[in-house]
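User: I am new to this structure and would be grateful for a close look at a single part of it. Please describe the open sheet and what surrounds it in one connected account.

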Amino acid sequence: MTDDNGNLSIDFLVGFTFFILAFIWVVSMIPGLLIGLQSYTIDYDAVAYRTGVILVEDPGWPASPPWESYNDLQKFNVTRFGMAISRDTPNILSEDKVNRFFCTTAFIYPDDYHQRAIFGDFPYHFQISLRETNESRKRIVGERLPPGYGSIRRVVTIKGSSNATINQSYIQNHSYIKTDNVSTHVFSILLNNTKLLSDIRNPAYQIDPAREQITINITDLKLLTASAIVLDNMKIYKLDAGTYSNIPLPVSNYPYADGNTTRMSAFPANVNDNITIRLNPQYIDSMKAENSQIFLTLQFSVNPASTFLNNTQVVPDIAFMDGKLTFENPNTTPFLYDYNATNVMQPKLRDAILEVAVWSGETGLASAITSIFVDDFEAVTAPAGWTQVGPVVRHTGTPSDGLASVRIRDNPGSITQTISTAGYSGITVSFDMGTQMSGGAMNANAEWSADGGTTWNLLNQINAGGFGDDNNLHPFTYSLPAGADNNPAFTLRFGLSGPATSGDKVYIDNVEVGG
């Protein structure tokens, strides 16, 4: 007789063993099955952290010439955003890179930013903001923040750009006026790259024309002569290893005249009062002039002949200028764009906070921030479109952010604009504002109205002698109550109030309404 008890025990043990192994395998697979669901709720901070690192520790790509120097038609050559001056200067941001990054007319949210800053295939929603610590206004790309987002904050500094202003006082003090009554005058400017890159090696304070745009303003020209002024030509000469060569100047680097927001399109060009030179780093980089000297020469003609701006003795003549004989001539004294603070406003560092917030659609859709109205008063017709009371002018002097601001002088004086917010909610208003007042009970006001100007609500007030009354622009940003939402009668007003006076001024720039 066969005993089956032993076989039963063995079969049970084998089966139970397979069951346990299968159970262990299934349990081990469960986290893998759920990881996709988990990532949507727990990796926002990681994505935000990675993006923050890229933006503040990397200069972006291309690096040479820098990506921010590419124009709107070339933006597809930009493969990675980064705002650091260099890889060796983490958390120190380039002002040119910052301005370009937040230029939402060139780069479109979300696609352009997702491809160059967020990366990956998952369609994250995000908001990237930058606020300077001494300002209330934020610069923002992206959407409004919903609940449940991940974020990272980085404390950074922004390196400002260098610039120079050559005005009547500077011209006279440095004898840049030729006393002979002649019709042709030449003014030259020297960028000594060898010294700029060697005298200061710390990129945080260095002036590097191949990495950052330099700006040179030549003003008060109409105070130097009563004659008609024409800029006949602008030429660039490079001194490298003892040899002078003429570098063609592309139209994309022609100067601006008299506050125009577009460059000159051809030479000769009429000039009334001022010229602004802005050299694109892409152009300077193409010269390969790290160890060279760069001379900028501007040839003017005045009619009738008169004394005028002139610091260059051209040899043998303007048509066949010899670089060595001209620039190594004791009678040629070019303006030096250097580290002398008397000549050039040096780069300065400003503290700021960068925040990156990331979320997915599962946290609830957030409406995109849309610019409803913008006026930076750069257009030569500014402030066209605003209702004006009193002496109101487009102001190209100090203070202004860019080429111009608007100046309101004397009380009563104001500008008013009705801006429909129909179809928008969560209205925000931002602007730059500053005053120069004589004292007393004078003040300058920024106001908004929900009823087309029948009643007014105060946004900001600067009192004589108080904060903002320092002939500088200060940024302000406000979130408005529901009365501003979906309102075709929404109106803004900027102006002076107090006793009737003359000489008090309020400056306004960069007005923007969003929703």
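**The open sheet and its surroundings**

In this predicted model, an open sheet is formed by 5 strands in the order E1-E4-E15-E2-E3, with mixed pairing. Its edge strands are E1 and strand E3 (139-142), each of which pairs on one side only. From one strand to the next, the twist averages 30 degrees.

Within the sheet, strand E4 (residues 150-159) pairs with strand E15 (residues 349-359) in the antiparallel sense, over 10 bridges. Arginine 153, for example, has glutamate 355 in E15 as its bridge partner. Helix H2 packs on the sheet, where H2 touches E1, strand E2 (125-132), E4 and E15. The direction of H2 makes about 10 degrees with that of E4.

A search of the whole structure finds 26 aromatic pairs. In one of them, the ring centres of phenylalanine 81 and phenylalanine 101 are 5.2 Å apart and the planes stand at 80 degrees; because planes over 60 degrees apart count as edge-to-face, the pair is of that kind. Phenylalanine 81 lies in the loop between helix H2 (44-57) and strand E1 (92-94), while phenylalanine 101 belongs to helix H3 (residues 95-101), so the pair ties together parts that are 20 residues apart in sequence. Both phenylalanine 81 and phenylalanine 101 are buried.

How values were computed
Residues are numbered from 1 along each chain as its sequence is written. This is a predicted model: local features need pLDDT of at least 70, side-chain atom pairs count only at pLDDT 80 or more; totals for chains, interfaces and linings use all residues. Side-chain values use heavy atoms; hydrogens and water are left out. Rings of Phe, Tyr and Trp (its six-membered ring) pair if their centres lie within 6.5 Å; planes under 30 degrees apart count as stacked, over 60 as edge-to-face and the rest as tilted. Helices (H or I, at least four residues) and strands (E, at least two) are DSSP runs, numbered from the N terminus. Buried means under 20% relative accessible area, exposed over 50%, partly exposed in between (1.4 Å probe, protein chains only). Two strands pair if DSSP finds at least two bridges between them. Axes are lines fitted to C-alpha atoms, for helices over the stretch in contact, and angles run from 0 to 180 degrees between N-to-C directions. Contact means heavy atoms within 4.5 Å.
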